[in-house]
Amino acid sequence: MPPTSIKIEHARYVITVDDQRRIIRDGSVLVERGRITRVGRAAELADARADRIIDARDLVVTPGFFNGHMHISYAHPVRGIFPDDVGSPLKHVFALQMAMTEEEEYHATLLGLLELVRSGTVCLLDPGSTKFPDACLQAYEAAGIRVILGECVTDRDAPFPLPKYPTAEAAARTTAFLDKWNGRLDGRVRAWAMPFSPETCSAELLQVLHRATEERGTGLTLHHGSGDQARRDYQARGAKNPTEYLEGLGVLGPRTLLAHALGIDDSEIDCIARTGTAVTMCPVTAAKGARGVGAHGRMPELVGRGVRVALGCDSPNNSNHLDMIRAMNMAAIQYKDARQDMSQIPAETALELGTRLGAAAMGLGDETGVIAPGRRADLVLFDTQRPEWQAIWNPVNNLVYNADGRSVHTVVIDGRVVIDGYRQTFVDERRLYGTVQEIGERLQERTGIAFPTSRWPII
Ligand SMILES: [Zn+2]
C-alpha cells in the first residue's frame with residue numbers, strides 16, 4: 001500500500017506559487033490522503049507526523065508542471081525523422097498517426113508518459129491524438145499522471161488526413177467519449193471535446209460540441225491561428241477575424257482552450273480576454289518551426305490581460321522534447337530576444353505559466369497548480385546537488401535559466417510518489433526503448449514515410 005501521508009521535510013526552498021508567491025526557506029509540506037494539508041517553515045511543521053518522511057534538505061520543491069498541448073500518440077517511434085528542410089511535416093504526421101495500431105500506440109504512449117513524469121509533468125492535455133484510449137488508460141494508470149483526453153473530430157475537408165465524419169456522427173462520437181471517460185482514474189482523467197480547428201469543423205459542429213461541454217462541465221480545445229491572410233479569409237465569410245468568428249458562434253469562454261494562437265492582433269486579444277478564454281502556447285514548437293514569434297507571438301499581452309495561458313510541448317516531432325522546464329526557459333528568453341527587451345516574461349512569469357496558470361487554463365485551477373493547503377498534492381522535488389543548480393541565490397532563476405528536467409529527483413502526483421529518487425517502477429525502460437525503436441521501423445515501412453536519416457553519412 002502506498003503511504004497515505006507524506007512529509008517533505010526541511011526543503012532547501014519550497015516555491016509555493018501560492019497567492020502571495022511565497023518562497024519558503026527550510027520549508028516542509030505535509031500531504032495527507034492525496035491533498036496538501038500543511039505548508040510552512042520546517043519549525044512550524046515540527047509536530048507533523050507522516051507514514052513517510054522525505055528528507056528534502058538538498059531539494060527544491062515546486063508545484064507539478066502542466067503541459068497544455070501535447071500530441072502523445074504517434075511521434076515517439078519516429079522522433080527525429082524529419083530533416084530540418086522538410087517544410088511542414090503535417091501531412092506525414094497525420095498519416096503516421098492514422099497508421100498506428102493499438103499495441104503501437106500503447107507503447108509510444110508509455111514512453112511519452114515516462115519522459116513527461118520524469119521531467120516533472122503531472123498533467124498533460126492530448127489534443128485528440130489518442131486513437132485507442134482503452135489501451136492507453138493502462139499506461140495512464142501505471143504512470144499515475146493526470147490526463148485530459150478527447151477524440152479529434154472534423155466534418156470538413158482538411159489539407160492533411162484527419163478523422164472526418166458527418167456532423168451528427170462527429171457530435172455523437174464526442175458526447176459518447178465525454179460520457180465514457182470523464183472522471184476516470186479517481187478524477188485524474190478528464191474528457192474534453194476536441195474539434196481539430198475552426199477551418200476543419202463546421203460552425204454547427206463547434207456549437208454542438210461547446211454545448212455538450214457546458215452540459216457536462218468539461219472543456220473544449222482546438223487549434224487556433226490568425227494573421228493577415230486568415231483575417232482576410234474570415235472577412236470574406238463575414239467575420240472580422242478567426243477569433244471573433246468563434247466568439248460569434250458562442251464557442252469562446254472559460255471552457256475553451258485555444259492552442260497556439262499565433263498571429264492574433266489587439267482586437268483578438270481583447271476578444272480572448274473579455275470572453276475568459278484560455279490559451280496554450282508552444283514556445284519551442286514555434287521557435288523550431290520558424291513561426292516567427294517575434295512578429296506573431298503575443299504571450300506577454302495575453303498574460304498582461306490576465307488570460308489563463310498554459311505552455312505546451314506539442315509533439316515529439318515539433319518541439320521534440322517534452323521537458324516543461326525547457327519550455328519555460330524558451331518562454332522566458334524568446335520574447336526578450338524578439339522584442340529586444342529583457343523585461344519580457346520574467347522567470348517568475350515563466351514558472352507561473354508552467355504551474356498555476358497552466359492548471360487554470362486546463363480547468364484545474366481550483367484543485368491543483370500551487371502548493372497550498374487543500375490543493376491536490378502534485379509536487380516536483382529538484383535535486384540541487386548538481387552543478388547547474390549552484391550557487392543558489394534566487395531558486396526561481398536557477399530553475400528557469402539553469403536547470404532542466406534532468407534534475408527532477410522526485411515527483412508526487414495526487415499524493416502518490418511516481419518518481420522516487422530518480423527511480424520509477426511502472427515500466428522496464430530498456431525493453432520499452434527497444435520496442436519503440438522497432439515500432440518506428442515498422443511504421444516507416446508500412447506507410448512508406450521515410451527520409452534520409454542524416455545529412456551526414458552514417459557509415
Ligand atoms: Zn496540436
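Ground rules. Residues are numbered from 1 along each chain as its sequence is written, and side-chain values use heavy atoms, with hydrogens and water left out. The model is predicted, so local features need pLDDT of at least 70 and side-chain atom pairs count only at pLDDT 80 or more, while totals for chains, interfaces and linings use all residues.

Start at the metal. Three histidines coordinate the zinc ion at 2.0 Å: His 69, His 71 and His 223, each through NE2. Donors here are N, O and S atoms within 2.8 Å of the metal (3.2 Å for Na, K and Ca); water is not among the atoms, so sites may look incomplete. In sequence, the donor spacing reads H-x1-H-x151-H. His 69 is buried at 1% relative accessibility. His 71 is buried too, at 9%. Buried means under 20% relative accessible area, exposed over 50%, partly exposed in between (1.4 Å probe, protein chains only).

Next, Thr 154. Find it in the loop between β9 (152-153) and α4 (167-181). Helices (H or I, at least four residues) and strands (E, at least two) are DSSP runs, numbered from the N terminus. Thr 154 is buried, at 0% relative accessibility. A polar atom of its side chain lies 2.9 Å from the backbone oxygen of Pro 163. Beyond neighbours within four places in sequence, its contacts (heavy atoms within 4.5 Å) include Tyr 165, Phe 196 and Leu 205.

How many aromatic pairs does a search of the whole structure find? Eight. Rings of Phe, Tyr and Trp (its six-membered ring) pair if their centres lie within 6.5 Å; planes under 30 degrees apart are stacked, over 60 edge-to-face, the rest tilted. Phe 160 and Phe 196 form an edge-to-face pair, 5.8 Å centre to centre, with 70° between the planes. That pair links distant parts of the chain, 36 residues apart: Phe 160 sits in the loop between β9 and α4, Phe 196 in the loop between β11 (194-195) and α5 (203-216). Both are buried: Phe 160 at 16%, Phe 196 at 9%.

Phe 382 and Trp 389 make a tilted pair, 5.7 Å centre to centre and 45° between planes. Both residues are buried.

Last stop, helix α13, residues 347-354. Seven of its eight residues are buried, Glu 352 among them.

Terms used
A polar contact is a pair of N or O atoms within 3.5 Å; within protein, one must be able to donate a hydrogen and the other to accept it, and residues adjacent in sequence count only if both atoms are side-chain atoms.
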